[in-house]
Amino acid sequence: MTKSVLEGLNPSQKQAVLHLDGPVLVLAGAGSGKTRIITNRIAHLVNDRDVSPSNILAVTFTNKAAGEMKERVEGLVPGTSRKLWIGTFHSICLRILKREIDKLEGFRRDFVIYDEGDQIKLIKECIKSLGYNEKVMEPKFVRSQIDRAKNMAIHPGDEAPSIYQGRVARVFDLYQSELRRVNALDFGDLIAYVLRLFEGREDVREVYRNKFHFILIDEYQDTNKLQYNFIKLLTGERANVFAVGDDNQSIYGWRGADISNILNFPRDFENARVVKLEQNYRSTKIILDASNALISKNAHKHEKRLWTENPGGQKLKYYEASDERDEAHYICEQIRCEISKGGLSYGDFAVFYRTNNQSRMIEEELLRSGVPYTIVGAVGFYSRAEIKNVLAYLKVIANPLDDISLKRIINVPSRGLGKATVQSLEDIARSRVVSVFKAMDIAVDEGIVSKKAVNGLKNFKALLEGFIEYSSAHSVGDVLRRVLEKTGYLETLKGDEERLRNVGEMLNEAAEFSDNRGSGSVQDFLESVILTSDVDNLDEKKGTVALMTMHCAKGLEFPVVFIAGMEENLFPHIKSRENPKQLEEERRLFYVGLTRAKEKIFLTSTSSRRFYGEEKRSTPSRFVAEIPKELLVWESYNVPSPESSSSKGGRGREGSLKRKWTLPAVNRNGVGMRGANGKHSPKGVSLNGGGGLYVVGERVEHQAFGQGIVRNVEGDRDGRKVVIMFPGMGVKTIMETFVGLKKV
DNA sequence: ACCGATTGAATTTTT
DNA sequence: TTCAATCGGT
């Protein structure tokens, strides 16, 4: 037995690693060392049980996780990682399809993958050509419906109840055949077609069943029906499934993840063994207690209690800012403050938020104070128009049947091929059942379009054919460089620094891709671009503060974590308010955020936030109140030291900002007073202490409003009133003597 | 066919 | 607020 495989593992971990044949569900709480379990188990299989690495399939949630796992396995058993199959469901299925898809009728191996934007464009066309009104049937909505259906393994023709009938189903149907016509697959198809292949071709299925004797799946709580079917079909009788997950971290319900996969595992797989990993090695006791308390508010979960031997640590800090700028500034100051204490570097910090748009202000503030940061995800690099254009060129080069991409670039840069020309091309394509690419020839030969357009079409077609020819013998980097040269696209971007930079960045990436992988074809590059998420590129060793949504944060850990925007209607998000199930998912999301932290957590909210240009009042999230009060410290209003705000370039806007800072911003809660005199108070409590029954910061319970937190005490001793913030219900002012009010 | 200007819609979360 | 789509004039 290889010693290193079991070294330092606790009994449950050992049990999981050593398990023999048959299904296992490892319920691995946050920070319980699940990655280690998976990698060590792989090592154990290979080293001690003579399993060939090529007979092992490991499914991870992100490419990043796959890469890390590969590395760790390689460290344990050198030489194995190359033969292992490790990757996301999507990348694994892509790998299978690239070998097998021509066994499905009407598919070719040189297909491209459509991203969300492509999907929407195609769906829009389908809606139009079916004669539906796209104002009524929103393409975006239809897309999400189709996506959902796919994730639930529903086919267009299926007799499914509800929304999948009727017009959406008709669009779905047409969309699928259009995808096939243009030789493209969407995300869901990657998995769905593998399934179809396995179902329809026993010989193919047997090849993979015989190959993958052992299947390990990480983040099992976030698998959907489609993925479940894939696993089921692949394991067959053998059922050597090793599923690792934590139902408390299921946060992708909206994407079709089916929490019942993990909840029903013991029923789905006969004789399944369940191993619980309940010891947390990541966080301080206080962080763990807070997380446990929070998640206990959820009804649906496996019973599991995380514990730790780690020391207590520091209480969570909560700061209520006046607005986003204040919030961002607070975060900035805290980071600088922690750094100045020594021992930590910028890379040890992460700032999480619910929605991507929240990153703006925080980014600005970090920039202003010179704190290095990395934003993960934001407004996707790949969703910018200039990048999409460049990618569209590559897509057409890889797959000339791709009408959507072709139409996108036909007049970029402008070459006299406008709406009318495109319309005639589409007419030709439809009537003769050919691609738009082909239709260009026909239009030229038969002179169906204007003289000017004929010329433009000729040139454009020749240009593309030149690229295609060139790409057969050159790597993406070269191809892209040539595209930019010959089309003169860069010239049209002149003056727009940012766009130029983006395209330059894209070119770098393509060149790098070619270098790293010897050949690096256009198709390979496109696949990597579309299947690679932003988190995959996050480098913790870079030494920068990481900014990301809590969804992105899954699987990561940081010594110090900030969670911004702890406000009702933002987190929990307004759209998940009505549905208790969705509310529970929001709570799990918060749980994920909290459990990323090793040492310190800062929570922040604002009392007013701008939405689309409009300022809206906001109240603290109910989740804040769900953290036991003895684990939470209310931070007072925290005025920045004079140097820090004035030394940074005093450009126009900042003047007014500074004034904001010197105002006792939130007078009504009394906390602002202390801050205004420049003194930092570690606790924003007990300011009015001594006199009345209630003190600021204290937790109270109202017979009707439930639990709340005292924000201020007003009036004199004859008629003292308490101002209380009830999470989710707002701020109320109540007589101190009211009988329905008591301390908690 | 092209350009600029006006209007309107959008904010969950992502492989 | 910011972006994209649409409109109308040239």
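Val433 counts as exposed because its relative accessibility is 70%; exposed means over 50% relative accessible area, buried under 20%, and partly exposed in between, with a 1.4 Å probe and protein chains only. The residue is found in the loop between α19 and α20 (436–445). Helices (H or I, at least four residues) and strands (E, at least two) are DSSP runs, numbered from the N terminus. Phi of Val433 is near 55 degrees, a positive value in a residue other than glycine.

The model is predicted: local features need pLDDT of at least 70, side-chain atom pairs count only at pLDDT 80 or more, and totals for chains, interfaces and linings use all residues. Residues are numbered from 1 along each chain as its sequence is written, chains are lettered from A and ligands numbered from 1 in the order in which they are written, and side-chain values use heavy atoms, with hydrogens and water left out.

Chain A holds 31 helices and 22 strands. Of its 744 residues, 55% count as buried. Contact means heavy atoms within 4.5 Å. Among contacts in chain A with a separation of 6 or more, 73% come from residues 24 or more positions apart.

Further backbone features occur in loops. Most residues other than glycine have a negative phi, and most peptide bonds are trans. Asn569 has a positive phi of about 80 degrees and is not a glycine. This residue is found in the loop between β13 and α27. Asn569 counts as partly exposed, because its relative accessibility is 29%. Pro572 also lies in the loop between β13 (558–563) and α27 (580–594). A cis peptide bond joins Phe571 and Pro572, with omega about 5 degrees. The peptide bond from Val412 to Pro413 is cis too, and its omega is near -5 degrees. Pro413 is placed in the loop between α18 (403–409) and α19.

The protein also meets DNA strand B. A residue is near a strand if one of its heavy atoms lies within 4 Å of it. There are 30 residues around DNA strand B, and Lys140, Arg354, Asn357, Ser533 and Lys575 come nearest. By class, this surface has 9 nonpolar, 14 polar and 7 charged residues. Here Ala, Val, Leu, Ile, Met, Phe, Trp, Tyr, Cys and Pro count as nonpolar, Asp, Glu, Lys and Arg as charged, and the others, Gly among them, as polar.

A backbone N or O atom of Gly418 lies 3.3 Å from a phosphate oxygen of DNA strand B. In His573, a side-chain N or O atom is 3.5 Å from a sugar or linking oxygen of DNA strand B. The elements giving two or more residues to this surface are α19 (419–432) and α26 (550–553). Of these, α19 gives the most, with 3 residues.

On a 1 Å grid over the protein atoms alone, a pocket is an open set of points where a 1.4 Å probe fits, with protein on both sides within 12 Å along at least five of seven lines; lining residues have an atom within 4 Å of a point. The second largest pocket holds about 570 Å³ of space; grid points are joined across faces, edges and corners, and a volume is the space filled by probe spheres set on the points. Its lining has 20 residues, of which Glu125, Ser129, Lys407, Glu426 and Arg430 lie nearest the centre. Two or more lining residues come from each of α6 (116–129), α8 (167–181), α18 and α19. Again α19 gives the most, with 7 residues. By class, the lining has 9 nonpolar, 2 polar and 9 charged residues.

Arg167 is found in helix α8. At a relative accessible area of 41%, Arg167 is partly exposed. Leaving aside neighbours within four places in sequence, Arg167 is in contact with Tyr132, Val136 and Met137.

How values were computed: Polar contact = N/O pair within 3.5 Å; in protein donor to acceptor, adjacent residues only side chain to side chain.
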